[in-house]
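Subject: Structure handover

Dear colleague,

I am passing on the structure below, together with notes on what was found in it. Please read the notes with the structure open beside you.

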Amino acid sequence: MTMLSKLQDMASDEKRSLATTLVLGGAGLMAAGYMAKALSATDSSERKAYIASVSTYNPKMAVSMQMFKRFYHKCRNGTGVTKFSDGRSVLEFCDKLLDASGIANRYSVCPSFRVDENGNTVKDELYREEDDILSEKYGYNPPARVRLAMWRNHMPELACGAARNAIEQWGGDISTITHVIGTSTSGWCEPGITSTVISTLGLSNHCCKVELSFNGCFSGVTAMRTARDVVLAQPNRTVLVIAMEIGGGHMDTVTTCRESLVPLTLFADGSGAAIITNNVNSSSAFKQNHPDYAPVGVWEMKNWGTYLIPDTKKLMIWNESEVPEYGGYTMILDKKAPDMLAKCLLTQLGPTLLMNYLKVCGVSQPAFAVHTGGRRIIDLMKDAFNTLGWRDDFKEHYGVLNDVGNLATVCIFHLLQRQLCTTKRNNCFILGFGPGMTVEYGFLSRVQ
């Protein structure tokens, strides 16, 4: 019998006693390594991670597609950049993109997007002049410092709004929150999302905090996976996860790169939050007494992971703009990117995930929460999963895109909020993706 098998047969107290003897007695790093593996295998298997609440928060200003199109024409005419190098119309190209986007509404903190039938910015009780940055004041093309200042000024409202909603739905004691994870791919400052939420909501000053900045749309799932890892690593851990975006602030009104124009027609503003814990009892009693107040239930986080699709790093890019005339960040979305994602699901990652799911969750059909990166992406993801044998109409995905647009890291929170509240299925498959090209995935199972 090997040393490792002997250790696995021992009681916990015997293992710890032997570990002390081996390490302090100088028995060697190999013995200590065996010891760590044995303890980890035993202790971690006793812990589980649960999503106890999911919530979202929208800015107050709603922007209809008609308003957005009028805004875009106003900006392009204001900058004078209305033609591609081949003489074709940028406005006609973008109108076609917007008509096919599947978006009817989005939310924003920037009043510039709300343009009436006469071409004037709507100046009602929600209007704030300092936020009207995509206007004549800056030549319809504000510098980066102005764009990022708007993110910084509105971050507290969006981050704390989603966090409050998630905590209220959870119903647990905020003093038990041990970690706060924040993510955004549209802005950054320090003190950032986590520090602001901790101080504003009165969380413990001993909360460990993590900021995941400028990762890409997949980072909402990354933040949840990171929270799961924290919860599984040690007992009595509860993590508050927050994602917030002000994507509209990066609107490029001078580019003539078609690959950059595609994503710019999609992005919007908003936030989401979740509570992830290994103490399911902290919220289950509350949910039993208040079923309508905490509708998502409790879901166990099963296998989660990451996959980097080979030879795709140039298909989706999020960088500081190299164009002197534009003062922000530029996203490149190659028209091949959606097809590569579908190919990945059908020939690379998909079959492996299917087998993994069957082992962990059984043969039952899952619900889905797949990043709503655009209408074409949703179409291809639906078709790919149907080909794999998981048939679903992705109704909730088209609904999220229609109602709020592409919210980057926040999309997953909107999808989970809708799916976990309404689905009759007991499992949920999560998929996020973005630059890299990076794929984040995870499985959820309903706690009965």
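In what follows, two strands are said to pair if DSSP finds at least two bridges between them, and helices (H or I, at least four residues) and strands (E, at least two) are DSSP runs numbered from the N terminus. This is a predicted model, in which local features need pLDDT of at least 70 and side-chain atom pairs count only at pLDDT 80 or more, while totals for chains, interfaces and linings use all residues. Residues are numbered from 1 along each chain as its sequence is written, and side-chain values use heavy atoms, with hydrogens and water left out.

The protein chain has 14 helices and 13 strands. Nine strands form an open sheet with mixed pairing, in the order β5-β4-β6-β7-β1-β8-β13-β12-β11. Its edge strands, each pairing on one side only, are β5 (208-213) and β11 (367-370), and from one strand to the next the twist averages 20°. Within this sheet, β4 (residues 179-184) and β6 (residues 238-246) run parallel and are joined by five bridges; G182 has I242 as its bridge partner in β6.

Helix α11 (residues 337-361) lies across β8 (299-308), β12 (427-434) and β13 (438-446), and runs at about 30° to β13. Here axes are lines fitted to C-alpha atoms, for helices over the stretch in contact, and angles run from 0 to 180 degrees between N-to-C directions; contact means heavy atoms within 4.5 Å.

R225, which lies in helix α8 (residues 219-233), is buried, with a relative accessible area of 18% (buried means under 20%, with a 1.4 Å probe and protein chains only). Leaving aside residues up to four places away in sequence, R225 touches W304, G305, T306 and E440.

Across the chain, buried residues make up 55% of the 448 residues, and among contacts between residues at least 6 apart in sequence, 76% join residues at least 24 apart.

Finally, a search of the whole structure finds three cavities of 30 Å³ or more, a cavity being a set of points on a 1 Å grid where a 1.4 Å probe fits but cannot get out. The largest cavity holds about 160 Å³ of space, and of the 15 residues that line it (those with an atom within 4 Å of a point), T185, F267, W318, M331 and A408 are the closest to its centre.

With best wishes

Definitions and conventions: Buried < 20%, exposed > 50% of the residue type's maximum accessible area, 1.4 Å probe, protein only. 1 Å grid on protein atoms, 1.4 Å probe; cavity = no way out; pocket = protein on both sides within 12 Å on 5 of 7 lines; lining within 4 Å. Points joined across faces, edges and corners; volume = space filled by probe spheres on them.
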